[in-house]
Amino acid sequence: MILIAAVFGVMAVLLVQAFLSNVENKYKVGAELINVLVAKGYISEGTLVTEYMVDTKRIPRNYVQPGAVTTVRQLMNEQGMYVNATLVPILEGEQVTSTKLVQPGKETGMSIVIPEGYRAVSIAITDVTGVARLIKPGDRVDVIGTSEFVMKHRPMVRSFTAFQNILVLAYNQNIMGTVIAPEKKSEQGMGMGELSQEDKHEQIPTVTLALTPDQAQKITHLAKIGEIQLSLRPIGEKATPSLSVIDTDDLLKN
């Protein structure tokens, strides 16, 4: 009997030790500090969240909310652009979670991807003026204008680079930060050259640019009096060299 009691006593001690060890491990895991993003201040609904609106805070794992955003990189797309906007307001000090964010699309509109102080302006393009329609949202372009006028009873044509390093917000209804929809094809049964009603609506491709209010006025005026050509910039190039206006006489110079 004494031996049996001793065995049960040892087993009880081992079970208690195992229980305490398990509790200790859970406590250690729960107490582990994790980086999360919290709002620096009040972030209103529909606001594009950037690194300037959040702080990184280390809190115990047990207090990390489901879907918590842990790095600023999670707020960006593959091109490094901020593409997450708030579905609901986020209070100062509150954790930023994926359930409170949404990426831009037709449902959310374009306003959440327009940089502060800029305006979204769309222009029609062709295969020639729009780099064979290979421009994509998130690219940067230069805007070149060409206009005709009369000087001393002589018709003249002048071309000039109106703006440089301009952000492309959208191509047709493909907004920056969203999956680009494939070009539509003619429906089966339609003859060559025939378009569906939806295709007719989209037969004139457009590019939407992020412009300052002053640039928005100028490009609107230029579209009325002349032609607009876009030139695509290499990724990462930010140079904006000073360029001269070119007219017909310049083409004849050596």
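The largest pocket lies between domain 1 (33-102) and domain 2 (119-178 + 203-252), because both domains give residues to its lining. This picture comes from a predicted model, in which the protein chain has 4 helices and 11 strands. Of the 254 residues in the protein chain, 30% are buried, and among contacts between residues at least 6 apart in sequence, 70% join residues at least 24 apart.

**The largest pocket**

- The space in the largest pocket comes to about 1,100 Å³, and 43 residues line this pocket.
- Nearest the centre of the pocket, among these lining residues, lie M81, G138, R140, L167 and M176.
- Sorted by class, the lining of the largest pocket consists of 21 nonpolar, 13 polar and 9 charged residues.
- Strand β7 supplies the largest share of this lining, with 4 residues.

**The nonpolar cores**

- The largest nonpolar core is made up of 18 residues, and the ones with the most contacts inside this core are V143, L209, I219 and L230.
- Two or more residues of this core come from each of the elements β5 (119-124), β6 (140-151), β7 (154-171), β9 (206-211), α3 (213-225) and β10 (226-232).
- Among the contributors to this core, β7 gives the most, with 4 residues.
- If neighbours within four places in sequence are left aside, I219 is in contact with V121, I123, V143, F163, L209, L211 and I228.
- Another core lies apart from the largest one and has 12 residues, including A39, V54, L75 and V96.

**A buried residue in a loop**

- The residue I125 is found in the loop between β5 and β6.
- I125 counts as buried because its relative accessible area is 4%, while the cut-off for a buried residue is under 20%.
- Once neighbours within four places in sequence are set aside, the residues in contact with I125 are G130, Y171, P205, T206, V207 and L230.

Definitions and conventions. Residues numbered from 1 in each chain as written. Predicted model: local features only at pLDDT ≥ 70, side-chain atom pairs only at ≥ 80, totals over all residues. Heavy atoms only, no water. Core = buried A, V, L, I, M, F, W, Y, C linked by side-chain atoms within 4.5 Å. Buried < 20%, exposed > 50% of the residue type's maximum accessible area, 1.4 Å probe, protein only. Contact = heavy atoms within 4.5 Å. 1 Å grid on protein atoms, 1.4 Å probe; cavity = no way out; pocket = protein on both sides within 12 Å on 5 of 7 lines; lining within 4 Å. Points joined across faces, edges and corners; volume = space filled by probe spheres on them. Nonpolar A, V, L, I, M, F, W, Y, C, P; charged D, E, K, R; others polar. Domains from an automatic or database assignment.
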